[in-house]
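Student: I'm new to this one and would like to look at it together. Could you take me through it step by step?
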Amino acid sequence: MKIQEKRRRRMGVWLIVIGSVIILATAAGLIFTRTVKTPDTTQKETVKPVAKPVGVTANDLFFGNMYWGRYMNDWSNASPLKTAYPFSRLNEFQRENYDAWITGLECPTVAGFSQTSAQEDSTLSFNCSPDYLPEAAKWFTAVTLANNHTDNRGPEGFAETKQHLDDNKIQYFGHYDPDQLNDVCEVVTLPVKVQYDDKSVKTQALPFAMCGYHGVFKIPSQESLAVMEQYSKYMPVIAMPHMGVEYKPAPDELKTSTYRSMIDHGADMVIGDHPHWIQNTEAYNGHLIVYSMGNFMFDQQDTAEVVRSAGINVKITLKDADSAMLNKWLALADSCKAFHDTCLEKIKDQDVSKLDFTYQFGVVGTNDSGKITKPATADQQASILQRLDWTKTMSLLQAPYSSL
């Protein structure tokens with residue numbers, strides 16, 4: 001009996017202890033819940049709105065004839081700079097201030113060409129080594145191939161030239177035969193600066209139509225000029241023809257009527273070369289026509305006329321853009337970089353409308369005397385503007401075209 005009683009006493013003590021612990025724990029829990037606030041799960045994180053594009057600017061520079069074959073190649077081989085030599089003073093044009101440089105490549109680029117400079121000179125059949133293209137790619141965004149020398153190594157050489165340009169990521173357009181209608185115009189992708197509504201600026205790209213016309217031996221037909229119309233419905237069209245009588249300060253009537261017809265068929269501007277001299281400009285129906293820019297990079301050195309040229313600065317601006325429409329155009333850019341791509345068809349499928357750009361024009365004089373291309377002197381710049389009849393032409397432009 002005594003043993004059972006002791007057990008009951010022990011059990012009672014343990015029950016009292018356990019009960020006390022439970023009471024203390026409950027009290028502590030009540031105190032904790034009163035002092036600690038329950039998180040407010042009804043609050044939501046603030047989501048920053050996506051910035052919308054509202055404007056675009058592009059500052060581009062167009063140059064005349066470029067060529068690094070024949071004697072230019074000799075001068076390069078004699079220089080420690082080798083293939084970098086022809087481009088070694090282009091930094092003086094402040095490439096960083098421009099979004100794109102476009103020029104005319106007046107030669108095929110075929111590997112293994114073995115003629116001497118004297119042989120090239122006597123036949124006027126040219127070649128530019130593809131070894132120079134990695135250096136050229138540091139400067140130039142796109143080139144026109146529509147001229148009277150890109151066929152000098154035949155159709156196979158022309159195909160090889162395009163392959164080398166592809167390999168070096170230089171876009172191209174135009175054909176030496178103006179009857180090759182599929183090659184007249186090409187949609188190229190040019191870098192632009194895009195302004196957003198949060199005040200940020202991004203470097204992106206937009207499609208532009210570039211159209212090359214070779215008219216030295218055969219005047220481009222009205223059918224080939226009409227190719228521009230299908231592009232001008234959707235995007236800016238820049239025509240870069242190569243034709244006319246060489247070594248003349250002004251175009252003849254045939255060249256004038258052909259270039260004006262390019263405007264009639266949808267070109268926003270016409271920027272021409274071939275004569276090796278600078279020729280005048282004009283405003284036709286409010287649009288700019290440059291009849292010849294002259295030699296930008298060439299081995300002709302015998303007169304003041306052949307060593308100077310006019311780089312045409314084109315500033316393109318879009319303000320207060322429809323953000324949804326501009327976003328569609330920006331999204332299309334990547335599909336327009338390849339030659340003979342389906343960019344135009346995609347543009348039509350996207351049901352996009354033409355962006356409302358404005359265009360401003362200026363002149364950057366160039367000078368390749370002394371066997372190297374560099375900026376024009378002050379005197380040369382003045383003479384270049386005079387030959388272009390620039391002041392008069394700028395005064396006759398009409399919106400959306402004007403002077404810088």
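Tutor: Let us start with a term: a polar contact is a pair of N or O atoms within 3.5 Å, where within protein one must be able to donate a hydrogen and the other to accept it, and residues adjacent in sequence count only if both atoms are side-chain atoms. This is a predicted model, in which local features need pLDDT of at least 70, side-chain atom pairs count only at pLDDT 80 or more, and totals for chains, interfaces and linings use all residues. Residues are numbered from 1 along each chain as its sequence is written, and side-chain values use heavy atoms, with hydrogens and water left out.

Student: Okay, what does the side chain of Thr-150 have 2.8 Å away?
Tutor: A polar atom of that side chain lies 2.8 Å from the backbone oxygen of Leu-145.

Student: And where does Thr-150 lie?
Tutor: Thr-150 lies in the loop between strand 3 (142-144) and helix 5 (154-167); helices (H or I, at least four residues) and strands (E, at least two) are DSSP runs, numbered from the N terminus.

Student: Is Thr-150 buried or exposed?
Tutor: Thr-150 counts as buried because its relative accessibility is 1%, and buried means under 20% relative accessible area, exposed over 50%, partly exposed in between (1.4 Å probe, protein chains only).

Student: Which residues is Thr-150 in contact with?
Tutor: Leaving aside neighbours within four places in sequence, they include Leu-105, Cys-107, Phe-158 and Tyr-176, where contact means heavy atoms within 4.5 Å.

Student: New topic: which residues of helix 2 are buried?
Tutor: In helix 2 (residues 70-78) they are Arg-70, Met-72, Trp-75 and Ser-76, and their cover includes helix 3 (117-123) and strand 11 (295-297).
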